[in-house]
Amino acid sequence: MDHLDKLENNSIYIIREAYNQFQKVASLWSIGKDSTTLLHLIRKAFLGEVPFPVVHIDTSYKFKEIYKFRDEYTKKWNLKLIVHRNEEAIANGMGPNKAKLECCTQLKTNALKDAINKYGFRALYLGIRRDEHGIRAKERVFSPRDEDFEWDYKNQPPELWDQYKSKAKEEEHLRVHPLLGWTELDIWEYIKREEIPVVGLYFAKNGKRFRSIGCQPCVSPVESNADTLDKIIQELKETDVSERSGRAQDKESDYMMQKLRALGYM
Amino acid sequence: MDGKIEFAFIMDHLREEREQGITIDTAHTFFHTEKRAYIIIDAPGHVEFVKNMLTGASQAEAALLIVDANEGVGKQTRRHANLVSMLGLTQIIVVINKMDIVNYEEIYFNRLKEEVHKFLNSVNLDPDFYIPISALKGDNVARHSENMKWYKSMTVLESLDSLVNEVPPEDKGLIFPIQDVYKISGKRIAVGRIEAGTLYSGMEVRILPGGGRTTVKSIEKFNESTDNAVAGESIGVMTNDPVFLERGNVLCSEEKELAIDDKISSSLIWLSKKAFTKGEKIGLRLATQETKVDISEIKERIDSSSLKILEKNASSIDNLEIGEVEIKTKKPLVFTKFNAVKEMGRFVLVRGNDVVAGGIIT
């Protein structure tokens, strides 16, 4: 069994464990490479079908390629897609030209809160990884959020072996992180091996590509000539530029991610 | 900081950690050498955060024990070593840090090495390496130190590369705990991860704890057709007869490796500020099995740092204490001793929704 097999088998174990414990679950799909890889693993865990809804929190500021990809694969993979937007905030003109923390909180965190309340999900699968950001490096595989949606990072439950925190109380939900132990390079090597489709923005055009995708105004591409999977994998083996260097959230202030995540950000 | 990066600043990302100069929760950082990829799990040393340290250590294949050349074996070092021993980690590297403060002198290293060695042996740990380093100055971390020419053995990186990866026990009898049963287009498929041995189509298996028998009809994986699967694989299984299978059942081969009993002896560490008092009913989870239990006897209550017996025949176990206990389970449990197949010899205790103790079967 090689490195990718081990990661895959563990992720499938976690995915099945959470579904067994919580039943009323959903997977968050940002249409990026990580949550798309997660969806692929979910399809594997349930032998081809996704037995629960897939939720896209839409800020309305996403790239058009993202929307196109979403609709194409929703059909192909027969997904029960829920698109949820904070329509009120969007109508009131909330956008990244206002304060970034406020925009992320309203259009992502609050929209997510609202979706959880509306559909009554008890656990959510998320494709976050520990190597993405120092704050995410602190996460548990099953991570509780309280009734105010907050992450109590100073008092996380112990997680021994593969025994995770169980049965959330009614007023809280759990975040389930099957990809926590994967690196960016693992993801790309797995995408290549499994032939998982990804949005075209990740591949270089005119000397630039996106390492991380999201809302169009808040991510910028990195210098790169990697226009194939092999070239991306090679680039990642050599680069010392961080994955999220094109992300505005990470630049605002040292602790912006901590603040966002404590409030319930993904 | 004259151009140097404080390691703690890379691992400690919470504002509270940076401001107070302590690690609160484990962080994972990734690197690779030519030989393999590594994940460093930085485990907090502070006594308040032992549950976080255990969370980190329970995922590890090897431990790097860092001892301060200036301070020697402290209370927390002892506690961590005891827990590492209890978790069954056998690959240990001891790093004697801050050698720059003691002028890189061999005599300090030797003295401390002897002290640490004696202590670790007493808790059944036998480190593979003792390495004098200065993490701050980089001595013997990635490169051999010019300041300690008397030290001829491996650097930290070299010692890491000499460790071996844990492999799932493929050569033992089959142990396949069932995680869930799916009904997919009219088929009933039992899913789970093989914890030991090999499973193949046509194989005759026993179903524990009931003891029934059945034959494996097929192994189910998405877009993949295979006739056998090995330890570590998450698979689905269909059986020939319409037997009733449910979460917590264990499929196994004829080998007599698994015990079935409603009594187990165990060492456990209590991880909740609210102590355990005899008489309290709590839950036990082992692999995919779950049952209510009664801790019928607390033979010894032990300090997890000094390993001093605090009380015999105790009636309670407090936070961070080790208990040598007898457990009576409500439903019969399928298990092995921890040193046989560790996946089937370790468990957690659950109070309400929370994991409050980790234990091994002795």
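Q: Before we start, what do buried, partly exposed and exposed mean here?
A: Buried means under 20% relative accessible area, exposed means over 50%, and partly exposed is in between, with a 1.4 Å probe and protein chains only. This is a predicted model, where local features need pLDDT of at least 70 and side-chain atom pairs count only at pLDDT 80 or more, while totals for chains, interfaces and linings use all residues. Residues are numbered from 1 along each chain as its sequence is written, chains are lettered from A and ligands numbered from 1 in the order in which they are written, and side-chain values use heavy atoms, leaving out hydrogens and water.

Q: Great. Which class does A:Asp227 fall into?
A: A:Asp227 is partly exposed because its relative accessibility is 39%. A:Asp227 forms a salt bridge with A:Lys231, with the closest N and O atoms 3.0 Å apart. For that term, a side-chain nitrogen of Lys or Arg has to be within 4 Å of a carboxyl oxygen of Asp or Glu.

Q: And what about A:Lys231, how accessible is that residue?
A: A:Lys231 has a relative accessible area of 42%, so this lysine counts as partly exposed.

Q: Which residue does A:Asp230 pair with?
A: A:Asp230 meets A:Lys192 in a salt bridge, 2.9 Å from N to O. The pair links distant parts of the chain, with A:Asp230 in helix 7 (residues 229-238) of chain A and A:Lys192 in helix 6 (residues 184-194) of chain A, 38 residues apart. Helices here are DSSP runs of H or I with at least four residues, strands are runs of E with at least two, and both are numbered from the N terminus. A:Asp230 is partly exposed at 46% relative accessibility, and A:Lys192 is partly exposed at 39%.

Q: Let's hop to chain B. Where do B:Lys342 and B:Glu166 sit?
A: B:Lys342 is in the loop between strand 21 (321-335) and strand 22 (346-351) of chain B, and B:Glu166 is in the loop between helix 6 (156-161) and strand 6 (175-184) of chain B, so the pair ties together parts that are 176 residues apart in sequence. Their salt bridge has its closest N and O atoms 3.0 Å apart. B:Lys342 is partly exposed at 22%, and B:Glu166 is partly exposed at 34%.

Q: Is B:Asp100 buried or exposed?
A: B:Asp100 is buried because its relative accessible area is 18%. Its place is the loop between strand 4 (92-97) and helix 5 (106-122) of chain B. Leaving aside residues up to four places away in sequence, B:Asp100 touches B:Ser134, B:Leu136 and B:Lys137, where contact means heavy atoms within 4.5 Å.

Q: How many helices and strands does chain B have?
A: Chain B has 6 helices and 23 strands. Of its 362 residues, 52% are buried.

Q: How many salt bridges cross between chain A and chain B?
A: The rule finds 2 across that interface. A:Glu17 forms a salt bridge with B:Arg247, with the closest N and O atoms 2.7 Å apart.
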